[in-house]
Amino acid sequence: MSRLQDESWRKLVMDVRGWYTYKAEEFYQDDDQKRNTYEAMGQLSGGEKAQLTYTILGSAIAYQFGLTKNGLDSSFRFIAIDEAFRAQDEDKARYLISLCKQLHLQLLVVTPSDNIHIVENDISYVHYVERKGDRSVLYNMPISEFKAERERSMEV
């Protein structure tokens with residue numbers, strides 16, 4: 001208990017970002033030339049940190065499912081992303097969607113309707129929740145129907 005009184009020690013052991021070390025190397029796919037080596041995220045911007053985190057986590061998920069060993073087998077490759085685009089630029093969000101496609105991961109994206117334009121070209125179905133008074137109504141529709149409904153509402 002006395003060690004917890006030492007603020008620098010407490011910060012060190014309670015900050016999970018320091019619990020593991022890593023090294024990631026980025027290569028160009030065309031010629032297999034090394035582009036960057038990452039051993040810490042301190043020098044990266046917020047969006048670059050997110051992009052590197054997505055890449056590491058997505059690759060780890062794909063590896064865990066054995067996608068890199070056997071190609072596309074019948075494993076359950078489903079991940080949910082809740083409000084992933086709230087504080088992120090659109091290019092980094094699109095990178096995440098593209099990465100998930102490359103790794104053959106199935107996505108459930110939960111996002112406010114003002115961010116749906118980021119994923120609407122990459123999804124096939126929408127489950128849209130609308131608040132009506134003290135109730136919520138769930139609409140289930142193909143993305144094409146959602147786009148048509150949005151166009152109609154904008155004309156009015």
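Reader: In what order do the elements of the chain run from the N terminus on?

Author: This is a predicted model, in which local features need pLDDT of at least 70, side-chain atom pairs count only at pLDDT 80 or more, and totals for chains, interfaces and linings use all residues. Residues are numbered from 1 along each chain as its sequence is written, and side-chain values use heavy atoms, with hydrogens and water left out. Helices (H or I, at least four residues) and strands (E, at least two) are DSSP runs numbered from the N terminus, and the chain has 5 helices and 6 strands. Read from the N terminus, their order is α-β-β-α-α-β-α-β-β-β-α.

Reader: Does Lys-92 count as buried or exposed?

Author: Lys-92 belongs to helix α4, which covers residues 90-102. Leaving aside neighbours within four places in sequence, Lys-92 is in contact (heavy atoms within 4.5 Å) with Gly-47, Glu-48, Gln-51 and Tyr-54. The cut-offs are under 20% relative accessible area for buried and over 50% for exposed, with partly exposed in between (1.4 Å probe, protein chains only). Because its relative accessibility is 19%, Lys-92 counts as buried.
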